Amino acid sequence: MRNQLSEETVQPIAERWLAAREWAEHLLSQMTPAEKIGQLNQVSVDVASPELIGRVEAGLIGSIINVVDPEQIARLRKAAVASRLGIPLLFGRDIVHGFEIMGPIPLGLAATWNPELLRVFCALTAKAASMRGLNWTFAPMVDLSRDPRWGRIAEGFGEDPFLSASLARASVQGFQEDLDHVLLACPKHFVGYGASESGIDYNRTHFSDQDLFNLYLPAFEAAFNAGALTVMPSFSEINGQPGVSNQRMLRQILRERLGYTGLIVSDWAALAELTIHGVAEDGAQAAQLGLEAGVHIDMMSGLYETHLVDRSALDTSVMKLIDPLVLDVLTLKHAAGLLDAENNRGSLAGGGKREQQNKEALLTVATQLAEESCILLKNHGQILPWRYIDGSLAIIGPLANQSAEQIGTWSFDADLSQCETPLQAFEAHWGGSVTFCAGLDYSRARDAGGIEDAVKLAASSDKTLLVLGEEAVLSGEAHCRSELDLPGDQTKLLKAVAKAARSLVVVVMAGRPLQLTEILGDVDALLFCFHPGSQSGPAIRNILVGDTNPSGRLPVSFPRSVGQIPIYYRRGSTGRPPVGDEVQFIDDIPVGAKQYSTGNTAYHLDVEPSPLFPFGYGKSYSEFRYQNLSAEVIGLGDDLVVWVQVEIQNVSQRAGRETIQLYMRDPVARVARPVRELVAYKKIELQAGETKGIEFTLGLADLSYHDGAERFVEPGLFQFYVGGDSEASLSVEIRLTPEQLASSGL
Ligand code: NOJ
């Protein structure tokens, strides 16, 4: 099967679009230029001041970002209803990985490889936020990234287009599935924002059309197919033109090629930044560029309001650009049910009981997501799970007991009182004594004597748990790093504690892959968590004591050194792959060696040419064996499918979950194709000793690639690899003949 979600997409809003259009057209004919431009104008506020209420009543504002207090929302909503045409407001907020109850950061959500659970979480989150009166989230962020220096890698679903697309689809379905509690989704940032040069946020992005179609667009397409009706362009310059004024991307690719019919909302003041980018001389020209690119909503630059009202009265060509945009905004408001009585009553009618029930459901799902997001990277000598949960336990580290650091970036609305840290979770459930010593007060701290105390504590305890990593503020928007080591004196803390501890387990919590090379040899067991959210503590505790079998898998490769970046599994073969004796490292080169001494292949002289941990990797307490892999071609033309079967056995004594990953290689094509591409995956539960047969059915689209101009499937050899990570070795191949493909549309 292609993924774990049903093929049927849930699109209640899209289904109402046509009927809403009629209403919108009628309304548009009654609007003044100022009222029209008001619908395109978005402002950020947290309090409904009398001045703001007045502007809403005058129809000069169509959407609001960042107001979250239900009383304030209710006042603003009332003002909109009281305006001449009574057009409701959109209330947007960055609800990126939870509202008050937080799940893992999106990179952690991706590590679950569990789209169904993500869909449920997004649906519950939508309900929580909509009961407060919100109706729009600027999520999911679907920017594929291969650069862990980039702080916003935390907000995306990792390095792979297929995994990202499956999670984008699930998020949108969840946010929008209940028409009574819709949170409109807004996939962002269109497009290729994750390609920021040097991993610096807002930096220029340059990529080919092959990368555009094969890497960056699939997650957006999946989000649109699932019913997303708003999208946000990238801040960055894309091949020379900023996202918000990029007509090629917004008109030709988004609208014409992808057939997108929804709204485009600028990023924060992105129109005003066009003058700083150097593509507009002043605000008036920037507003014009936004209009020409088809940007419906101006988030926070005020340029549409300042520059278009007077011009549109004088210049009919401006109104010709504005009218279709306003029509779309009105249509969306109607289709999303903003006019329905139930939605207009909003949160205050919701009542505490419904909110409480929803919160309880959210806590359960957030715990499961947190558990499934933690990746066991090392478990030497099977020291985990801890067999005995009594005796003295030392808990050390700057991230062991700080609530906000468990939750990660984009957590403005997080209810910290609902967050349980690892220390709190162990204090609540441990058979013996639990003693805490931070060692370092925060992740960037330098030693001020705390390391010595930590060492003494570790030496006198039966077991030691060290919780290290990055504070939440070190990743996310504009928080990029050039080094990926543990900040501050944490490596020193780890090495000192490792020498003293009788039995040490290390948890590393961060917003990005870190460079773990220097510490890996010092630890027997290492659990990596992308900030796991409100339920971080219980999730980590459950895994360490063995109540939960870890099942997280890496959604992104971990480099051995920063110099390897970008490093990703879906790489090209090159004409000279680094194999066998074709690799000679720096210390082995004889002194005085001549130019051809190293094998002339694609590698760095000073680091193994592989990641420290590959994409898809993660350990379990169970052990799985793959066998009897076969592949068969069935049917012809557009009906052709490749049917891949494999058997998987749990050869251990305990039940566990495995993520079966199917990778493909098209070894000969008209353009060089990646050495592997993920084309399907499935997460399953297997009892001790149990064997299951798994089937994947791939259609022509799965076998295809885009050469920048068109999508193709070519006859010839296809190789498939199945296993528990992107380095799986069990393989099988098929050959497609020209006859089998002759009548296909591709
Ligand atoms: C800027 C960010 O780039 C974007 O992702 C976010 O949705 C907006 N600010 C609104 O907060």
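A residue is counted as near a molecule if one of its heavy atoms lies within 4 Å of it. In this predicted model, 13 residues surround the ligand, and the closest are Asp94, Arg152, Lys188, His189 and Asp267. The protein chain is divided into four parts, namely domain 1 (11–32 + 92–297 + 310–343), domain 2 (366–545), domain 3 (570–598) and domain 4 (624–741). Between domain 2 and domain 4, the C-alpha centres are 37 Å apart.

**Around the ligand**

- Two aspartates have polar side-chain atoms facing ligand oxygen: for Asp94 the distance to an oxygen atom of the ligand is 2.4 Å, and for Asp267 the corresponding distance is 2.5 Å.
- His189 also takes part, with an N or O atom of its side chain placed 2.7 Å from an oxygen atom of the ligand.

**Helix 6**

- Helix 6 is mostly covered, since 14 of its 17 residues are buried.
- Just after helix 6 comes Gly133, whose phi is positive at about 110°.

**Strand 12 and its two partners**

- In strand 12 (residues 393–396), Leu393 and Ile395 point one way while Ala394 and Ile396 point the other way, and all of these residues are buried.
- Strand 12 runs parallel to strand 13, with 4 bridges joining them, and Leu393 has Val434 as its bridge partner in strand 13.
- Strand 12 also pairs in the parallel sense with strand 14 (residues 463–469), again over 4 bridges, and here Ile396 has Leu466 as its bridge partner.

- When neighbours within four places in sequence are left aside, Val434 is in contact with Leu393, Ile395, Leu423, Phe426 and Glu427.
- Val434 and Asp390 are 44 residues apart along the chain, and their C-alpha atoms are separated by 9.5 Å.

**The loop between helix 16 and helix 17**

- Asp415 is placed in the loop between helix 16 (403–407) and helix 17 (422–428), where its side chain makes a polar contact of 2.6 Å with the side chain of Ser417.
- Leaving aside neighbours within four places in sequence, Asp415 is in contact with Glu100 and Lys359.
- Asp415 and Phe99 are separated by 316 residues in sequence, yet their C-alpha atoms are 8.3 Å apart in space.
- Trp410 also has its place in the loop between helix 16 and helix 17, and at 14% relative accessibility Trp410 counts as buried, because buried means under 20%.

**Backbone exceptions**

- Most residues other than glycine have a negative phi, and most peptide bonds are trans.
- Trp410 has a positive phi near 50° although it is a residue other than glycine.
- Asn628, which is found in strand 17, likewise has a positive phi near 50°, and at 55% relative accessibility Asn628 counts as exposed, because exposed means over 50%.
- The peptide bond from Leu384 to Pro385 is cis, with omega near -5°, and Pro385 lies in the loop between strand 11 (375–379) and strand 12.
- Another cis peptide bond joins Ile565 and Pro566, with omega about 0°, and Pro566 lies in the loop between helix 21 (536–544) and strand 17 (624–634).

Key: Residues are numbered from 1 along each chain as its sequence is written. This is a predicted model: local features need pLDDT of at least 70, side-chain atom pairs count only at pLDDT 80 or more; totals for chains, interfaces and linings use all residues. Side-chain values use heavy atoms; hydrogens and water are left out. Domain bounds come from an automatic or database domain assignment. Helices (H or I, at least four residues) and strands (E, at least two) are DSSP runs, numbered from the N terminus. Contact means heavy atoms within 4.5 Å. A polar contact is a pair of N or O atoms within 3.5 Å; within protein, one must be able to donate a hydrogen and the other to accept it, and residues adjacent in sequence count only if both atoms are side-chain atoms. Buried means under 20% relative accessible area, exposed over 50%, partly exposed in between (1.4 Å probe, protein chains only). Two strands pair if DSSP finds at least two bridges between them.
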